[in-house]
Amino acid sequence: MTPSGILNIDKPAGASSAAVVGLIKRVTGLSCGHMGTLDPMAGGVLPVGVGNATRLFDYLLDKEKQYRAAFLFGADSDTLDSTGDVKYGAGRVPCEEEIRAALSSQVGEIMQEPPLYSAKCVHGARAYDLARKGIPFTLEKKKVAIYSLDLLEKTGEGEYSFRIRCGGGTYIRAIARDLAAALGTKAIMTSLVREKSGMFDLKDAVSPDVLQKDNWQEFLLPVRNVLSYPRADFSDLTAKRLKDGLTQPFAGEGLYTLWLDGAFYGVAEAGGGVIRARTKLC
C-alpha cells in the first residue's frame, strides 16, 4: 500500500512553503501538499500531507494556530513587514504600557483587511501580482478569530515580541498594522514563527534537511492520528453500503473518523439521521 500521512515540518525562515513541499515530493516520490502556507520570511510548523493525506486540507486548514512575532513600531512598509519598502520614522513609538493597554482591541472576532501583498484572488489575479505592478485595487475585510495577543518582551529599539493564538486565515502582519493604528502610529512585522498549527507543535517538528529517501517514513504521522473526530465503526454489509457511497441510519451529528471492518477508511459526515462516507483516505 502506498504510504500516506502527515509530516510535521519545521520550515526554515527564508524558504517558500512551495519549495519545502517540492523537496518533500522529491524525497518521497509521492504527491504532497502543505496544510496552510507560511510566508517565505516566516519559519515554524508547516504540516505537509503525503499521498492521499493531501485530501485532509479542508479538515486541518481552519485549526487554531499559535505564533511568535516581532513588531517594529514607528515603521511602515508596503508589504506590512520588513521584506518590503520600509520607511522608518513613520510614526511615534509607543511605550510598553500603551501597547499592553491596546492589546484587547485586537482580540475576539474582528473584521480584518488582508494585506495588499497577499495571495488573495482579485478578478482572477493574485493580489501580490497586482500590488507589484502598481495596479490599484481593494480587498474586502474578512472575519477572523484572534483568541489571545500577549506582549512578551522588548527585543530592540521600538521592537517588541508577541505571542498570538488565532484561527485560520488570520494575517499576523495585519495585526501589527491594526494594533499600531489603535495607538495612532505605524508598525511592521519583522519576524514570525508558527509554534503550533492544530495538533502540530514546533517542538515535535522535523527540519526538511533531515528527510532522506530511506528515513522519511519514520517521521510520517498516520492520518488516523491527526484527526480529532469521534470514531464510527461499521462492518459486514453496512461497511459495504458505505463503501458504495450509500447512507446508513445513524444517530450522531457532525464529522467522524470512519472505520470499516476494523480498518481506518476515512472521514464520514452524519446528519439528519444518517451517516455517509465523505472522504476516503485509506
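**Exercises on pockets, core and aromatic contacts**

The lining of the largest pocket in this predicted model comprises 14 nonpolar, 12 polar and 10 charged residues.

**Exercise 1.** Determine the volume of the largest pocket and identify which residues lie closest to its centre.

*Solution.* Begin with the volume, which is about 1100 Å³ for the largest pocket. Next, consider the lining: of its 36 residues, Thr37, Asp39, Ala119, Tyr171 and Arg173 are the closest to the centre. Then assign the lining to secondary structure. Two or more residues come from each of α1 (17-28), β4 (65-73), α4 (127-132), α5 (172-182) and β12 (187-197).

**Exercise 2.** State how many cavities of 30 Å³ or more the model contains, and describe the lining of the largest cavity.

*Solution.* The count is 1 cavity of 30 Å³ or more. The space in the largest cavity is about 30 Å³. Its lining consists of Gln112, Pro114, Lys120, Lys142, Val144, Gly169 and Tyr171. Sorted by class, this lining has 3 nonpolar, 2 polar and 2 charged residues. Tyr171 also belongs to the residues closest to the centre of the largest pocket.

**Exercise 3.** Identify the element that supplies the largest share of the largest nonpolar core.

*Solution.* The core in question has 28 residues, and those with the most contacts inside it are Phe71, Phe73, Ile99, Phe162, Ile164, Ile172 and Leu179. The elements supplying at least two residues each are β4, α3 (96-102), β10 (142-156), β11 (159-166), α5 and β12. Among these, α5 provides the largest share, with 5 residues.

**Exercise 4.** Classify the aromatic pair formed by Phe250 and Tyr256, and state whether each residue is buried or partly exposed.

*Solution.* A pair of aromatic rings is described by the distance of the centres and the angle of the planes. For Phe250 and Tyr256, the centres are 5.1 Å apart and the planes make an angle of 85 degrees. Because an angle over 60 degrees counts as edge-to-face, the pair is edge-to-face. For accessibility, the cut-off for buried is under 20% relative accessible area. Phe250, at 21%, is therefore partly exposed, whereas Tyr256, at 11%, is buried.

**Exercise 5.** Identify the ring over which the charged end of Arg231 sits.

*Solution.* The ring is that of Trp259, and the charged end of Arg231 lies 3.7 Å from the ring centre.

Terms used: Residues numbered from 1 in each chain as written. Predicted model: local features only at pLDDT ≥ 70, side-chain atom pairs only at ≥ 80, totals over all residues. Heavy atoms only, no water. 1 Å grid on protein atoms, 1.4 Å probe; cavity = no way out; pocket = protein on both sides within 12 Å on 5 of 7 lines; lining within 4 Å. Points joined across faces, edges and corners; volume = space filled by probe spheres on them. Helix = DSSP H or I, 4+ residues; strand = E, 2+ residues; numbered from the N terminus. Nonpolar A, V, L, I, M, F, W, Y, C, P; charged D, E, K, R; others polar. Phe/Tyr/Trp six-rings, centres within 6.5 Å; stacked < 30°, edge-to-face > 60°. Buried < 20%, exposed > 50% of the residue type's maximum accessible area, 1.4 Å probe, protein only. Lys NZ or Arg CZ within 6 Å of the ring centre and 35° of its normal. Core = buried A, V, L, I, M, F, W, Y, C linked by side-chain atoms within 4.5 Å.
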